[in-house]
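This report describes selected features of a structure. The sequence and model are shown first, and the description follows.

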Amino acid sequence: MSMPPRFETPRETAVLSKTLADLVRTVQLSECEIAAQEERASVSDRSDVKYPMLARTLIERRDNLKMTIDALEQRLAERAPDEQATAA
């Protein structure tokens, strides 16, 4: 399995940072919508059969986004020492 390409330019790093910010905002919006769905249904127990299907779907999406954010943050952190060495 080949390694994914590294971010080689400051512009690519900036794009990654912007993408991360967008993903974090999407996670926050998802969490608000999950809370709203739970409030509308008056059910917050995920094991309850009355738990809203939309909330279940949003939870899965939110969890996937969080994993993506973690992976991108790791790649950005790996890039940071390279940029500092280049700038010096």
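Leaving aside neighbours within four places in sequence, Leu20 is in contact with Ile69, Leu72, Glu73 and Leu76, where contact means heavy atoms within 4.5 Å. This is a predicted model in which local features need pLDDT of at least 70 and side-chain atom pairs count only at pLDDT 80 or more, whereas totals for chains, interfaces and linings use all residues. Residues are numbered from 1 along each chain as its sequence is written, and side-chain values use heavy atoms, with hydrogens and water left out.

The largest nonpolar core has 7 residues, namely Leu16, Leu20, Leu23, Val27, Leu65, Ile69 and Leu72. Such a core is a set of buried Ala, Val, Leu, Ile, Met, Phe, Trp, Tyr and Cys residues joined through side-chain atoms within 4.5 Å. Helices α1 and α2 are the elements that give two or more residues to this core, and α1 supplies the largest share, 4 residues. A second, separate core of 6 residues includes Val43, Tyr51, Ala55 and Leu58.

## Helix α1

Helices (H or I, at least four residues) and strands (E, at least two) are DSSP runs numbered from the N terminus. Helix α1 comprises the 32 residues 10–41, which at 1.5 Å a residue should span 46 Å; its end C-alpha atoms are 47 Å apart, in agreement with that value. The expected span is 1.5 Å times one less than the number of residues.

The buried residues of α1 are Thr13, Leu16, Leu20, Leu23, Val27, Ser30, Ile34, Gln37 and Glu38. Buried means under 20% relative accessible area, exposed over 50%, and partly exposed in between (1.4 Å probe, protein chains only). An α-helix has 3.6 residues a turn, so residues three or four places apart point the same way.

## Glu38 without a salt bridge

Glu38, in helix α1, is buried yet has no salt bridge; Arg46, the nearest side chain of opposite charge, is 4.9 Å away. A salt bridge requires a side-chain nitrogen of Lys or Arg within 4 Å of a carboxyl oxygen of Asp or Glu. Lys and Arg count as positive and Asp and Glu as negative, while His and the chain ends are not counted. Beyond its neighbours within four places in sequence, Glu38 is in contact with Val43, Ser44, Tyr51 and Pro52.

Ser42 is located in the loop between α1 and α2 and has a positive phi of about 55° although it is not a glycine. Ser42 is exposed, with a relative accessible area of 66%.

Arg56 belongs to helix α2 (residues 53–87) and is partly exposed, at a relative accessible area of 30%. Not counting residues up to four places away in sequence, Arg56 touches Arg46, Asp48, Val49 and Tyr51.
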